[in-house]
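This report walks through one protein model, one topic at a time. Keep the sequence and the 3D view side by side as you read.

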Amino acid sequence: MKANKSCRKNYFDNSSRYLQNLRTRAFLAFSIFLAFALSGCFQKKTSAQTQFIFNTICSVNLYEDSSEELYAEIFSRLREIENVFNNYSPSSEISRVNENTAERAMEVSKDFFTVLKTALSFCELSGGAFDITVGPLVKLWNVTGENPRVPSEEDFARVMPLVGYKNVILSEDESAPTVRFAKKGVQLDLGAIAKGFAADEVEKILREKKVRRAVISLGGNIYVHGKKSSGEKWSVGIRNPFGEGNAATLFAQDNSVVTSGGYERFFEKDGELYSHILNPATGFPVRTDIVSITIICPNSMAADALSTSIFLCGLESIARFSQSPLCPKFECVAIDKDGTIYATRGIEKNLVLPKGKEIKRM
Ligand code: AMP
Ligand code: MG
């Protein structure tokens, strides 16, 4: 079995191994949040609230429109969504579906149906590179868990036949949605899209309650609602994948900013680096020269699915995704292994790079 050589990139060299356990990841997410606070994304009159949800730090800052009731409503909705999509909790809806759904259909909640339906469309649109049935592979590699490992040939032989989104059958009846698997042992993993859905649900509450400005960060999955009180756009840092600080800063309002990157979660074994985004065709982490993909899009669920999909399919796939009615208008910023920063035309004027760096047009 040959490990994926492309993972051994020098861009990981400065990334510390402390990324690998949960507590330090939480610390990292909190640092990102703090970086926002200090970099002016959050204004002085701050009353942000933070909780540990979706296995990460989630923060909400409602600025002058805040109230305890509103914070409680938002965090209760986030917890509700976590209880649907958390693969690590045996009592979550996704765990129950994975456990019980084989040949027989199982009724699912509206949230589950909405995300699953969109996710399946992205599976189709990406030509199967984005595949929500990577569940058994994700568990096998356990990249984000305590003892990650390179699976054996026997492991792959057992698990690979279970991977394939066409094994998921969703009922057409939206009033009583059900899901069924064509094979026993199929397992869903909606980790590439669920936080995007959650950010959209918070955004819905903000609009309903007529909140004028807010910043939401669900483990680095950002939503900037409205503008700053000064009338300026929010500044959002794109993390430097090679070390400390930001590689670029972008300015946005009423938009979601979502990043996928191989540097975010990975482990090292015998000099090889294995990231958490898996190629369903090989069972191995995806081979790519792209280190990070950031999507800017008003629909956070689409942004989340797109950042993972483009990471898997390559920058040349942007044109294909842009033409799909499934994807609202979006912009993209990408960083490759040499540190070159690419951007789509529409975001150029709102993107600031460090001195001496130039944007390469995609
Ligand atoms: P993201 O951070 O949004 O790019 O999503 C990464 C997560 O999506 C991983 O931690 C896995 O849970 C899941 N995942 C890994 N590979 C794939 C894939 N090929 N298609 C869909 N989801 C994936
Ligand atoms: Mg994603």
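## Helices α7 and α8

How are α7 and α8 oriented to each other, roughly parallel or roughly antiparallel? They are roughly antiparallel. Angles under 35 degrees count as roughly parallel, over 145 as roughly antiparallel, 65 to 115 as roughly perpendicular and the rest as oblique. The model is predicted: local features need pLDDT of at least 70, side-chain atom pairs count only at pLDDT 80 or more, and totals for chains, interfaces and linings use all residues. Residues are numbered from 1 along each chain as its sequence is written, chains are lettered from A and ligands numbered from 1 in the order in which they are written, and side-chain values use heavy atoms, with hydrogens and water left out.

The axes of α7 (residues 194-208) and α8 (residues 300-313) cross at roughly 160° and come within 7 Å. Axes are lines fitted to C-alpha atoms, for helices over the stretch in contact, and angles run from 0 to 180 degrees between N-to-C directions. The crossing is right-handed. A crossing is left-handed if the near helix is turned anticlockwise from the far one by less than a right angle, and right-handed if clockwise. On the α7 side, A194, K195, G196, F197, A199 and D200 take part; S300, M301 and D304 meet them from α8. By class, this contact has four nonpolar, two polar and three charged residues. Ala, Val, Leu, Ile, Met, Phe, Trp, Tyr, Cys and Pro count as nonpolar, Asp, Glu, Lys and Arg as charged, and the others, Gly among them, as polar.

## Helices α2 and α7

Helix α7 also packs with α2, at an angle of about 155° and with the axes 10 Å apart. The two helices are therefore roughly antiparallel. Their crossing is right-handed. From α2 come L70, E73, I74, R77, L78, I81 and F85; from α7 come A194, F197, A198, E201, V202, I205 and L206. These residues divide into eleven nonpolar, no polar and three charged.

## The whole protein

The protein has nine helices and 17 strands. Helices (H or I, at least four residues) and strands (E, at least two) are DSSP runs, numbered from the N terminus. Of the 362 residues, 57% are buried. Buried means under 20% relative accessible area, exposed over 50%, partly exposed in between (1.4 Å probe, protein chains only).

Take the contacts between residues at least 6 apart in sequence: 64% join residues at least 24 apart. Contact means heavy atoms within 4.5 Å.

H225 sits in strand β7 (residues 221-225). Is H225 buried or exposed? H225 is buried, with a relative accessible area of 5%.

Its side chain makes a polar contact of 2.9 Å with the side chain of E203. The H225 side chain also reaches the backbone oxygen of V211, at 2.6 Å. A polar contact is a pair of N or O atoms within 3.5 Å; within protein, one must be able to donate a hydrogen and the other to accept it, and residues adjacent in sequence count only if both atoms are side-chain atoms. Not counting residues up to four places away in sequence, H225 touches E203, L206, R207, V211, R212, R213, A214, W234 and D254.

## Two positive phi angles

Most residues other than glycine have a negative phi. Y63 is not a glycine, yet has a positive phi of about 50°. Y63 is in the loop between β2 (56-61) and α2 (68-85), and counts as buried at 3% relative accessibility.

N142, also not a glycine, has a positive phi of about 50°. N142 is in the loop between α5 (135-141) and α6 (153-159). At 23% relative accessibility, N142 counts as partly exposed.

## Helix α3 and two loop residues

In α3 (residues 93-100), the buried residues are E93, I94, S95, V97 and N98. Their cover includes α2, β3 (106-107), α4 (110-125) and β5 (178-181). P90 is in the loop between α2 and α3. P90 is exposed, at 72% relative accessible area. Beyond four places in sequence, P90 touches S95 and R96.

V163 lies in the loop between α6 and β4 (168-170). V163 counts as buried, at 14% relative accessibility. V163 and P280 are 117 residues apart in sequence, but 6.8 Å apart in space, C-alpha to C-alpha. Leaving aside neighbours within four places in sequence, V163 is in contact with D131, T133, V134, L137 and P280.
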